[in-house]
Structures are given as structure tokens and as C-alpha cells.
Amino acid sequence: MKDLNSLNKKSKAAMVLIFVSILLLLSNYFIGQNSKKTNESIKAIYNDRLMVSHYIFQYNNTIHKIKNTALQTNIDNDVKRNEIAQRLENIAILDKKYLATVLTAEEKQHFNTFQNQSKILKKLTDNNQWVQLTTSINQSLHTLTLLSQVQIDEGKTELTTANTLHSGNQIFAQFEVGLLIVLACLSVYLLVLKKMKFKIKIPEAPSMN
């Protein structure tokens with residue numbers, strides 16, 4: 001009976017050991033998934049927000065140069081058109097880089113507006129309409145401000161997501177430590193059971209003396 005009880009204890013301990021091992025595997029899986037999502041959030045911050053912010057800075061710089069050229073009175077219209085046309089070509093090159101990133105619905109709407117405004121700038125330049133060009137440039141700058149705000153808002157969202165996932169990994173890590181302690185205790189328990197020996201004493205025959 002004692003041997004049977006010992007076997008039952010071992011079986012129960014083994015079942016708990018298997019259950020804890022499964023929990024460890026699941027915890028490790030979720031940590032891996034969270035780490036993957038964290039990396040994706042960090043990549044999104046760099047590729048789709050920081051790089052885009054750099055593009056917007058270049059847009060702003062180019063638009064201001066176009067405005068300065070349009071306001072100059074000491075150069076003829078041909079020179080103005082050529083200089084502005086070159087800068088508009090630079091904007092078109094930036095457009096391709098911008099479109100290669102991931103755009104939100106709001107961002108896509110503002111960017112489409114900016115592209116349409118760029119077409120208007122080209123048309124006004126071709127017609128030497130410098131006063132109207134200056135007004136249209138101010139509208140383009142406003143649109144770039146809206147695009148810049150989108151980068152800030154989306155960057156904050158991605159950063160919050162990354163921080164949340166990191167906190168989740170810390171919780172899973174603490175959970176794993178607790179499970180490892182349980183595993184250690186079970187291992188010791190099983191080793192103790194293995195070493196226990198139950199001896200059945202056979203009564204000695206009564207003395208004939």
C-alpha cells in the first residue's frame with residue numbers, strides 16, 4: 001500500500017510537472033510574439049514616422065525656396081520658371097519616397113491635397129502668376145504642418161504600443177520565474193520520493209525456548 005501511495009504521489013507530481021512545463025512554453029511563446037510586435041512598432045516609428053518627418057522637412061525647405069524665388073524682382077520670368085520647375089521636380093522625387101511608406105487614412109488625405117497643390121504651383125509658375133503662387137504656397141505649407149502633426153500623433157501611438165508590449169513581457173518573465181521555482185520544488189520532491197525506501201518487517205517466529 002505504501003508503494004502504491006508513493007507511485008500515486010509521483011504520478012501527481014509528474015502531471016503537475018508537465019502542466020507547469022506547458023505553461024512555460026506558452027509564456028515563452030507569448031514573449032516571442034510580443035517581442036516581434038515590439039520590433040515592428042520600433043521599425044514603424046523609424047521608417048514611417050522619423051523618415052517621413054525628414055521628408056516633410058525637405059518639403060518645407062523646398063517650398064520656402066520656391067516662395068523666395070517667386071518674390072524676387074531682380075530676375076526675369078524665364079529664370080524664375082526654370083528655378084521653380086527644378087524645385088518642383090525635387091518635390092516629385094520626394095513624393096515617390098513618401099508614398100513608399102505606410103500612410104494612415106488621414107495622412108493619405110492630406111498628402112493627396114499636397115500633391116494637388118503642387119500641381120497648382122506648377123500651373124501658376126508656367127503662367128508667371130507670382131502673386132497667386134505665393135498664396136498657394138502658404139496653403140501648401142499649412143498642409144505640411146498637418147502632415148507633420150500626423151507623424152507626431154502616430155509616433156506617440158506606436159511608442160505607447162511598444163511600451164505596453166514591453167510591460168507585458170516583464171509580466172510574463174516574472175510569471176516564468178515563478179513557474180521555474182515551482183519546477184525546482186517539484187524536482188526536489190520527486191528526488192526525495194525516489195530515494196525513500198519502504199521496508200516491510202516480517203515478524204520473527206516465536207522462540208521455542
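Is Tyr98 buried or exposed in this structure? Tyr98 is buried, with a relative accessible area of 0%, where buried denotes under 20% relative accessible area, exposed over 50% and partly exposed the range in between (1.4 Å probe, protein chains only). The model is predicted, and local features therefore require pLDDT of at least 70 and side-chain atom pairs pLDDT 80 or more, whereas totals for chains, interfaces and linings use all residues. Residues are numbered from 1 along each chain as its sequence is written, and side-chain values use heavy atoms, with hydrogens and water left out.

The secondary structure of the protein chain consists of 4 helices and 0 strands, where helices (H or I, at least four residues) and strands (E, at least two) are DSSP runs numbered from the N terminus. Along the sequence the pattern is α-α-α-α. Of the 209 residues of the chain, 30% count as buried.

The structure contains 4 aromatic pairs. Rings of Phe, Tyr and Trp (its six-membered ring) are paired if their centres lie within 6.5 Å; planes under 30 degrees apart are counted as stacked, over 60 as edge-to-face and the rest as tilted. Tyr59 and Phe114 form an edge-to-face pair, at 4.8 Å centre to centre and with 65 degrees between the planes. Because Tyr59 belongs to helix α1 (residues 2-71) and Phe114 to helix α3, this pair ties together parts that are 55 residues apart in sequence. Tyr59 is buried at 0% relative accessibility, and Phe114 is buried with a relative accessible area of 0%. The pair of Tyr98 and Phe111 is stacked, because the ring centres are 4.3 Å apart and the planes lie at 20 degrees. Tyr98 lies in helix α2 and Phe111 in helix α3, so the pair ties together parts that are 13 residues apart in sequence. Phe111 is likewise buried, with a relative accessible area of 0%. Ring pairs link Tyr59, Tyr98, Phe111 and Phe114 into a cluster.

Helix α3 comprises 22 residues and reaches 32 Å from its first C-alpha to its last, close to the 32 Å expected at 1.5 Å a residue; the expected span is 1.5 Å times one less than the number of residues. Its buried residues are Glu107, His110, Phe111, Phe114, Gln117, Ser118, Leu121, Leu124 and Thr125. Viewed down the axis of α3, these buried residues fall within an arc of 130 degrees, so they line one face of the helix; the arc is that of the directions from the helix axis to the C-beta atoms. The face of α3 turned away from the buried side carries the exposed residues Ala105, Lys108, Gln109, Lys119 and Lys123. Just after α3, Asn128 adopts a positive phi of about 60 degrees.

The largest pocket holds about 180 Å³ of space. A pocket is an open set of points on a 1 Å grid over the protein atoms alone where a 1.4 Å probe fits, with protein on both sides within 12 Å along at least five of seven lines, and lining residues have an atom within 4 Å of a point. The lining consists of Ala85, Leu88, Glu89, Ala92, Asp95, Ser118, Lys119, Lys122, Thr125 and Asp126. Two or more of these residues come from each of α2 (77-99) and α3 (105-126).

Elsewhere, Gln33 is located in helix α1 and is partly exposed, with a relative accessible area of 30%. The C-alpha atoms of Gln33 and Asn169, 136 residues apart along the chain, are separated by 9.5 Å.

Methods. Grid points are joined across faces, edges and corners, and a volume is the space filled by probe spheres set on the points.
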